[in-house]
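Please look over the sequence and the three-dimensional model below before reading the notes. The briefing is arranged by topic.

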Amino acid sequence: MELPEEEEEEEEPDWLCPEPGGPWSHAAPARGSSATLGAQSGNGKTVPSGSTAHRVIVHTDLDCFYAQVEMIRNPELRDRPLGVQQKYLVVTCNYEARKLGIQKLMSVRDAKEKCPELVLVNGEDLTQYREMSYKVTELLEEFSPLVERLGFDENFVDITELVEKRLAQLQRDGCSKVSVSGHVYNNQTVSLHDVMHIRLVIGSQIAAEMREAMYNRLGLTGCAGVASNKLLSKLVSGTFKPNQQTVLLPESCQDLVGSLDHIRKVPGIGYKTTKRLELLGLSSVRDLQTFSPVILEKELGVSVAQHIQKLSYGEDDSPVASSGPPQSLSDEDSFKKCSSEVEVKKKMEELLANLLDRISKDGRKPHTIRLTIRKFSSTNKWFSRESRQCPIPSHVVQKFGTGTYDVVAPLVGILMKLFRKMIKVEMPFHLTLLSVCFSNLKALPSLAKGSIGFYVTRSSRSSSASKVKNGRCSTRPSELLQFCTRWKN
């Protein structure tokens, strides 16, 4: 089972050994760690609130997420070297294991040879990680409704509105100074009169509150980056790891982007685009910044060329898009070899069993199904996937929720038709991955307020995001409690 990869993390000796004040309080004594509130930007002009150029975005990244979940489930593992295993790989490990030389995506055999005392837990069932991931997102929605998920362990949060409220409140209260929580990138001085600096400093305080809440309520630690856009907040969040946070002031933007050793390290520039840029002789961020826009537009198209050159300067206008309920549900399995239709059908049935359970809990019904395969390739292991999809016939959609047996057989039939469009089954084939995805999820007409499905799919997300005062949650479970009582009776 392949998971969304976590960012590489530097080893730190103080893993889960927080400084006084809580695990979120790794605050380096930075120059300019407090600042006088001002009402103008550094150039003397009033700054319009809500402007794209003056947003405050937080990027959160949980520390070795899967390993943390396992340590929460079994606290006895907390001080032992721990790896999470999928098939023959250690997909992630805790910091105790990293101190002993274990690395992410190391083979199980190599890991056990390097560290015989390594404890391995099976991480092929993603249910526990998925559930904890959504708890984190729901918690962050208490600070802002604008939360965008990025894999299981990362989120973007647009806290611009909350920052503006905090700033206005501080000014009304006559408070003249605010202090940075965590590190300031490059140890840069905070300007006494630049309102964007003040906004970002307030943002660092809110980020610390988020991390405090995640630790106190979920037992999780993580890093955070605070900046004026998504790109920069993601880049700066990994400056100090684990369990720390960093704020990026605008003047240090180019230093941060320039510190990347290759254009592939720029979020938003993918594998294929990187390869095309390398063919043009580009490898560094500076190469991309100074390359001819005309040639780049000719090679990549106007929109792509302009977009990636803006990224190379740290410019990113993309909004934080509230994720809401997942738009699709998928599961996949990777293996060394699958080379017969019998094996393919068996793996499809196993994937469908998990997906149908998740669909049942979700409460919506899928109307599209997609099959993805990966053929064996000795030269292009990670990028040789191929997919086909089709609508799910209405008579099959109606069977969802009536029992697994009623729906698995027709779905396997549909998937095998898609499979034969990609693979000539009369010829030998060698697959290393199968993935099944349900999409075009639609709520049932019965999912109205008062139905069990409504509360399964909506209650926790909507209630947790709706009642916030100064970043503090004041939600009440009474409505859900009343519903449960009515339903039980």
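This is a predicted model: local features need pLDDT of at least 70, side-chain atom pairs count only at pLDDT 80 or more; totals for chains, interfaces and linings use all residues.

Residues are numbered from 1 along each chain as its sequence is written, and side-chain values use heavy atoms, with hydrogens and water left out. The secondary structure of the chain comes to 17 helices and 20 strands, where helices (H or I, at least four residues) and strands (E, at least two) are DSSP runs numbered from the N terminus. Of the 489 residues in the chain, 48% are buried, a term that stands for under 20% relative accessible area, with exposed over 50% and partly exposed in between (1.4 Å probe, protein chains only). Among contacts (heavy atoms within 4.5 Å) with a separation of 6 or more, 71% come from residues 24 or more positions apart.

**The four-stranded sheet**

- An open sheet of four strands has the order E13-E17-E15-E16 with antiparallel pairing, two strands being paired if DSSP finds at least two bridges between them.
- Strand E13 (328–338) and strand E16 (385–391) stand at the edges with a single partner strand each, so one side of each is left without a neighbour in the sheet.
- From one strand to the next the twist averages 15 degrees, with axes taken as lines fitted to C-alpha atoms (for helices over the stretch in contact) and angles running from 0 to 180 degrees between N-to-C directions.
- E13 is joined by eight bridges to strand E17 (residues 431–439), the two running antiparallel, and Cys-338 has Leu-431 of E17 as its bridge partner.
- Helix H13 (residues 341–362) lies across E13, strand E15 (368–375) and E17, and runs at about 160 degrees to E13.

- Five bridges join E2 to E8 in an antiparallel arrangement, with Ile-57 opposite Asp-158.
- Six bridges join E2 to E11, again antiparallel, and here Ile-57 stands opposite Ala-227.

**Aromatic rings and charges**

- The structure holds five aromatic pairs, that is, rings of Phe, Tyr and Trp (its six-membered ring) with centres within 6.5 Å, where planes under 30 degrees apart count as stacked, over 60 as edge-to-face and the rest as tilted.
- The rings of Tyr-66 and Phe-152 have centres 6.4 Å apart and planes at 80 degrees, so the pair is edge-to-face; it links helix H1 with the loop between strand E7 (147–150) and strand E8 (154–158), the two residues being 86 residues apart.
- Phe-400 and Phe-438 form another edge-to-face pair, at 5.7 Å centre to centre and 85 degrees between the planes.
- Phe-400 counts as buried at 6% relative accessibility, and Phe-438 is buried with a relative accessible area of 0%.
- Phe-65, Tyr-66, Tyr-129 and Phe-152 form one aromatic cluster.
- Arg-98 lies over the face of Tyr-95 at 4.7 Å from the ring centre, and Lys-336 lies over the face of Tyr-88 at 4.9 Å, the criterion being NZ of Lys or CZ of Arg within 6 Å of the ring centre and within 35 degrees of the ring normal.

**Lys-442**

- Lys-442 lies in strand E18 (residues 442–443) and counts as partly exposed at 43% relative accessibility.
- Leaving aside neighbours within four places in sequence, Lys-442 is in contact with Arg-364, Lys-365 and His-367.
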